[in-house]
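Please look over the sequence and the structure before reading on.

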Amino acid sequence: MEIDAISLYEPECGERELQLVNAVLQSTRWGDGPMLESFEHAFAGWVGRRHAVAVGSGTLGTWIALRALGIGPGDEVVCATHSWHQVAQAITLAGATPVFADINYWTGSLSPEKAALKITPQTRAILAGNTNGHPADWRALRALAAEHGVALIEDSSEALGSRYLGQTVGTFGDVSVFDFSQPSALCTGEGGMLVTDDDALVHELRYLRQRRLSDRHSVSVGSRVPLQAGMSELTAALGLAQLAGLDERLAARKQVEVWYHQQMQSFEGVKPPYLAENVDEVHWMLYVVHLGKRFTASARAQMIDDLRACGIEAAAYSHPLHQQHHYMEASGAIGHQRGLLRDTDRIGDRALALPLHTQLDATQVQYIVTTLKDTATNVGAGAAIYL
């Protein structure tokens with residue numbers, strides 16, 4: 001069967017994107033202009049927060065948020081190491097110490113119970129993510145943060161549109177961060193957004209993001225050193241256009257999920273996609289399967305190679321931070337030895353990301369799953385595979 005190469009992610013571009021970007025190209029403002037303000041205002045409204053601050057990426061946004069909260073050298077931030085975008089690296093960039101806690105095996109997100117074991121007098125914040133779109137246990141995490149008087153930062157860089165306790169993700173942190181690089185359903189190439197309801201905090205976020213033209217007459221300029229981490233008018237125009245079609249795009253991605261679920265029934269012992277208690281809806285970033293215990297990280301790598309040879313792009317979903325050289329060698333990272341985060345290690349070695357985007361059709365999904373079944377049988381000798 002001949003089939004075009006199937007990419008892991010593929011952004012959707014239409015006439016609206018072309019018109020708005022072209023409008024900026026024909027204007028005199030390519031930075032710090034009205035398109036940026038419009039995108040921020042529209043995105044804040046879509047999420048349900050009072051303020052939004054556009055930034056260069058999710059990692060830069062998290063770095064800015066940490067600085068705005070006064071977190072730096074000598075401070076600790078509890079976080080998970082299992083993710084795609086790995087915005088937790090911002091903790092290291094801010095000079096603070098990342099304290100790695102294990103995840104909930106089913107959701108892939110930071111476990112409140114395991115995070116509680118890592119809190120010390122030096123802890124200043126908890127950074128938790130909605131892993132691959134599945135909301136974390138925000139009720140328990142909020143209670144934990146309140147009990148210890150620390151900030152709660154929500155990493156929604158992998159989640160758009162998922163809902164927990166009737167609220168959209170991005171509404172649970174003191175500050176929440178989104179990322180708009182691929183494979184986000186709202187894709188601007190690069191870029192991100194910080195959202196918050198805190199009037200004082202948003203002022204500091206904007207100050208630290210970049211030095212703006214209006215700051216040149218401010219007597220307070222220079223009291224703190226800002227980054228140049230803003231978003232251009234071109235990127236904001238693309239983001240505004242993508243946001244306008246986001247609800248329809250999320251609905252179309254749901255249809256792709258249905259096709260996957262139907263085809264996955266051909267695997268013996270497949271468990272249905274997990275939705276934790278209080279989770280109303282999950283919009284997956286990618287279609288991730290968890291390989292059975294017989295599979296190893298090297299077996300997953302062989303499966304990725306086999307899929308690529310058949311014209312299907314796949315990837316290891318996560319390269320956990322505590323397994324990366326910098327954190328294994330850094331004395332400042334706590335909980336970095338392999339084996340201390342058992343569930344992270346189990347999932348990190350076996351989570352396999354498959355294509356999920358609106359350009360897929362039912363025939364392609366069937367081909368992906370059939371090919372996956374063949375390589376799983378060849379590599380894993382019939383070992384189980386789980387969603």
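Predicted model: local features only at pLDDT ≥ 70, side-chain atom pairs only at ≥ 80, totals over all residues.

The space inside the second largest cavity comes to about 120 Å³.

The structure has 3 cavities of 30 Å³ or more. In the largest cavity the space is about 160 Å³. Its lining is made of 19 residues, and Ala80, His82, Ser83, Gly129 and Asp155 lie nearest the centre of the largest cavity. Strand β4, which spans residues 123–129, contributes the most to this lining, with 3 residues. The lining of the largest cavity divides into 8 nonpolar, 9 polar and 2 charged residues.

The second largest pocket holds about 210 Å³ of space. Among the 14 residues that line this pocket, Asn104, Thr107, Asp137, Ala276 and Glu277 lie nearest its centre.

| Space | Volume | Lining residues | Classes in the lining |
|---|---|---|---|
| Largest cavity | about 160 Å³ | 19 residues | 8 nonpolar, 9 polar, 2 charged |
| Second largest pocket | about 210 Å³ | 14 residues | 8 nonpolar, 3 polar, 3 charged |

The next topic is a pair of helices. Helix α2 (residues 34–47) and helix α8 (residues 233–244) have axes that come within 8 Å and cross at roughly 35°. The crossing of α2 and α8 is left-handed. On the α2 side, the contact is made by Pro34, Met35, Leu36, Ser38, Phe39, Ala42, Phe43 and Trp46. On the α8 side, Glu233, Ala236, Ala237, Gly239, Leu240 and Leu243 take part. By class, the contact of α2 with α8 has 11 nonpolar, 2 polar and 1 charged residues.

Helix α2 also takes part in a salt bridge. The structure has 11 salt bridges by count. In one of them, the side chains of Glu40 and Arg206 meet at 3.2 Å, N to O. Glu40 lies in helix α2 and Arg206 in helix α7 (residues 199–209), so this pair ties together parts that are 166 residues apart in sequence.

How values were computed: Residues numbered from 1 in each chain as written. Heavy atoms only, no water. 1 Å grid on protein atoms, 1.4 Å probe; cavity = no way out; pocket = protein on both sides within 12 Å on 5 of 7 lines; lining within 4 Å. Points joined across faces, edges and corners; volume = space filled by probe spheres on them. Helix = DSSP H or I, 4+ residues; strand = E, 2+ residues; numbered from the N terminus. Nonpolar A, V, L, I, M, F, W, Y, C, P; charged D, E, K, R; others polar. Axes fitted to C-alpha atoms, helices over the stretch in contact; angles between N-to-C directions. Left-handed = near helix turned anticlockwise from the far one by under 90°. Contact = heavy atoms within 4.5 Å. Salt bridge = Lys/Arg side-chain N within 4 Å of Asp/Glu carboxyl O.
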